[in-house]
Amino acid sequence: MIKLSPKQMPSLKESGVRWLWLAALVFIMDFVSKLLVMNTMEYGWPNRIELLPFFNLLYVHNYGAAFSFLSDAGGWQRWLFTAIALAVCGLLIFWMRRSPASHKLANCAYALIIGGALGNLFDRLYHGFVVDFLDFYIGKHHWPAFNIADVAICVGAGLIVLEGFLADKDKQPVNR
């Protein structure tokens with residue numbers, strides 16, 4: 001980890017926070033898609049829209065986290081996941097602030113995760129659950145339904161892993 005003095009830290013214009021527009025775009029796309037689903041689809045399995053032999057649109061509520069983890073925990077998990085989302089977003093913004101805007105892969109990854117986390121956080125705080133609607137399956141085996149925010153979080157995490165493999169030893173590491 002590189003310690004930067006305030007004089008060495010990139011200015012806001014030159015820092016990774018320039019990439020927060022991507023987080024805003026993810027949030028808007030997630031919000032609009034969920035609004036569209038809630039306003040045009042009936043809730044639940046019988047009302048799914050079959051699009052492909054392996055893909056449905058299916059409006060469901062997720063009271064837990066990824067893959068409905070802790071969905072039947074009684075309600076306290078809503079506040080745990082809220083705290084986790086806020087902490088992760090705060091940490092990633094901190095890292096983006098310390099990182100130069102030229103570290104595109106890392107900053108894009110962080111922005112995707114932030115946008116996705118805020119999209120699901122909004123649902124959790126406003127509705128008390130997260131709206132999911134993307135249903136992939138093979139035969140009778142369905143992957144848990146998910147949404148645009150979940151896709152952004154997974155792609156962002158994948159980009160962080162990819163960055164770890166692509167990092168050039170001679171380059172200055174991302175400041176975390």
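Trainee: Is Phe 136 buried, partly exposed or exposed?
Mentor: Phe 136 counts as partly exposed, because its relative accessibility is 31%. Keep in mind that we're looking at a predicted model.

Trainee: OK. Which ring does Phe 136 stack with?
Mentor: With Phe 54. The two ring centres are 6.3 Å apart and the planes sit at 20°, so the pair is stacked. Phe 54 is in the loop between strand S1 (49–52) and strand S2 (55–62), while Phe 136 is in strand S3 (residues 130–138), so the pair ties together parts that are 82 residues apart in sequence.

Trainee: And how covered is Phe 54, buried or partly exposed?
Mentor: Partly exposed, at 40% relative accessibility.

Trainee: Let me zoom out. How many helices and strands are there?
Mentor: The protein has 4 helices and 4 strands. Starting at the N terminus, the order is α-β-β-α-α-β-β-α.

Trainee: How much of the protein is buried?
Mentor: Of the 176 residues, 39% are buried. The protein exposes about 10,500 Å², and carbon and sulfur atoms supply 69% of that.

Trainee: What about contacts across the sequence, what share join residues at least 24 apart?
Mentor: If you take contacts between residues at least 6 apart in sequence, 68% of them join residues at least 24 apart. Ile 28 is in helix H1 (residues 20–40), and it counts as partly exposed at 49% relative accessibility.

Trainee: Now the inside. How many residues does the largest nonpolar core have?
Mentor: It has 20 residues, and Met 96 and Ile 114 have the most contacts inside it. H1, helix H2 (76–98) and helix H3 (104–126) each supply at least two residues of this core. H3 gives the most, with 9 residues.

Trainee: Which residues does Met 96 touch?
Mentor: Setting aside neighbours within four places in sequence, Met 96 is in contact with several residues, including Trp 19, Leu 20, Tyr 110, Ala 111 and Ile 114. Apart from that core there is another one, of 9 residues, with Val 37, Phe 55, Phe 129 and Val 131 among them.

Trainee: Back to H3. How many of its residues are buried?
Mentor: H3 is mostly covered, with 17 of its 23 residues buried. From first C-alpha to last, H3 reaches 32 Å, close to the 33 Å expected at 1.5 Å a residue.

Trainee: What follows H3?
Mentor: Gly 128 follows H3, and its phi is positive, near 90°.

Trainee: Switching to charges. How many salt bridges does the structure hold?
Mentor: It holds 3 salt bridges. In one of them, the side chains of Lys 34 and Asp 30 meet at 2.7 Å, N to O. Lys 34 and Asp 30 are 4 residues apart in helix H1, so about one helical turn separates them.

Trainee: Which other residue forms a salt bridge with Lys 34?
Mentor: Asp 123 does, with the closest N and O atoms 2.9 Å apart. Asp 123 lies in helix H3 and Lys 34 in helix H1, so this pair ties together parts that are 89 residues apart in sequence. Put together, Asp 30, Lys 34 and Asp 123 are linked in a network of salt bridges.

Trainee: What about the bridge between Glu 50 and Arg 48, what is its N to O distance?
Mentor: That one is 3.1 Å. Glu 50 is exposed, with a relative accessible area of 52%, and Arg 48 is partly exposed at 27%.

Trainee: One more on aromatics. How many aromatic pairs are in the whole structure?
Mentor: A search finds 11 of them. In one, the rings of Phe 27 and Phe 31 are stacked, because their centres are 6.3 Å apart and their planes are at 15°. Both lie in helix H1, 4 residues apart, about one turn of the helix.

Terms used. Residues numbered from 1 in each chain as written. Predicted model: local features only at pLDDT ≥ 70, side-chain atom pairs only at ≥ 80, totals over all residues. Heavy atoms only, no water. Buried < 20%, exposed > 50% of the residue type's maximum accessible area, 1.4 Å probe, protein only. Contact = heavy atoms within 4.5 Å. Areas by Shrake-Rupley, 256 points an atom, 1.4 Å probe, with all protein chains shown as cover. Core = buried A, V, L, I, M, F, W, Y, C linked by side-chain atoms within 4.5 Å. Expected span 1.5 Å × (residues − 1). Phe/Tyr/Trp six-rings, centres within 6.5 Å; stacked < 30°, edge-to-face > 60°. Salt bridge = Lys/Arg side-chain N within 4 Å of Asp/Glu carboxyl O.
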